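Take a look at the model before reading on.

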Amino acid sequence: MSTVDHRRICMVLAVAVAVSIVHYVDNVAAYDRYPESATLPNPSAAIVGGSWFLFTAFGLAAVVLLQRGEVRRAAVCLAVYSGSGLVGILHYTVGGTSAFPWWRHAHIVADIILGLVIFALAMQLARHRRLPPAAAA
């Protein structure tokens, strides 16, 4: 794994965190405008907001682990972080999302796509062995 890869991962992660801020703030601030599921559990606004902090902690841990050369542990943290975006798929499982404004769809879909990209990066990292810290920086 090269420095370019590390930078690419950090850049994608930075974009994902920025998009997730928009998505999660909207989820919490407009909680009552999101449709509820009749079959799946509906997390409270507090759980939605708190989960952003938990997911983001895994993303930040991935960066620290990459800097230390702990590639496989970083891959696990990235895979967990990818759930922050991938969970957005659930918005489209309950119906009623056709009434969303375009910008709400934009941040949900962007978050989902970034979750997929980060998961793919995590799988790519998982194939690598531990790097010396100087090589990972």
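Predicted model: local features only at pLDDT ≥ 70, side-chain atom pairs only at ≥ 80, totals over all residues.

Residues are numbered from 1 along each chain as its sequence is written, and side-chain values use heavy atoms, with hydrogens and water left out.

**Overall fold**

The protein has 5 helices and 0 strands. Its pattern along the sequence is α-α-α-α-α. Helices (H or I, at least four residues) and strands (E, at least two) are DSSP runs, numbered from the N terminus. The C-alpha trace spans about 50 × 25 × 20 Å along its principal axes.

Of the 137 residues, 39% are buried. Buried means under 20% relative accessible area, exposed means over 50%, and partly exposed lies in between (1.4 Å probe, protein chains only). The accessible surface is about 7,500 Å², and carbon and sulfur atoms hold 71% of that surface. These areas come from the Shrake-Rupley method with a 1.4 Å probe; for residues, only the protein chains shown count as cover.

Among contacts with a separation of 6 or more, 78% join residues 24 or more positions apart. A contact means heavy atoms within 4.5 Å.

The protein carries 10 positive and 6 negative charges, and their mean positions are 16 Å apart. Lys and Arg count as positive, Asp and Glu as negative; His and the chain ends are not counted. Each charge is placed at NZ of Lys, CZ of Arg, CG of Asp or CD of Glu.

**Aromatic pairs**

How many aromatic pairs are there? The count is 2. Rings of Phe, Tyr and Trp (its six-membered ring) pair if their centres lie within 6.5 Å; planes under 30 degrees apart are stacked, over 60 edge-to-face, and the rest tilted.

| Pair | Centre distance | Plane angle | Type |
|---|---|---|---|
| Tyr34 and Phe100 | 5.1 Å | 70° | edge-to-face |
| Trp52 and Phe53 | 4.9 Å | 90° | edge-to-face |

Tyr34 and Phe100 are 66 residues apart, and their pair links distant parts of the chain. Tyr34 sits in the loop between α1 (3-29) and α2 (45-68), while Phe100 sits in the loop between α3 (71-86) and α4 (102-126). Tyr34 is buried at 10% relative accessible area, and Phe100 is buried at 9%.

In the other pair, Trp52 is buried at 16% relative accessibility, whereas Phe53 is exposed at 58%.

Arg104 lies over the face of the Phe100 ring, 5.4 Å from its centre. A charge sits over a ring if NZ of Lys or CZ of Arg is within 6 Å of the ring centre and within 35 degrees of the ring normal.

Ser84 belongs to helix α3. Is Ser84 buried or exposed? Ser84 counts as buried, because its relative accessibility is 0%. Beyond neighbours within four places in sequence, Ser84 contacts Ser20, Tyr24, Phe55 and Asp111.

Ala62 lies in helix α2. Ala62 is buried, with 1% relative accessible area. Leaving out neighbours within four places in sequence, Ala62 touches Ala74, Cys77 and Leu78. Arg72 is 10 residues from Ala62 along the chain, and their C-alpha atoms are 9.5 Å apart.

Arg127 is in the loop between α4 and α5 (133-136). Arg127 is exposed, at 63% relative accessible area. Arg127 and Val71 are 56 residues apart in sequence, and 8.9 Å apart in space, C-alpha to C-alpha.
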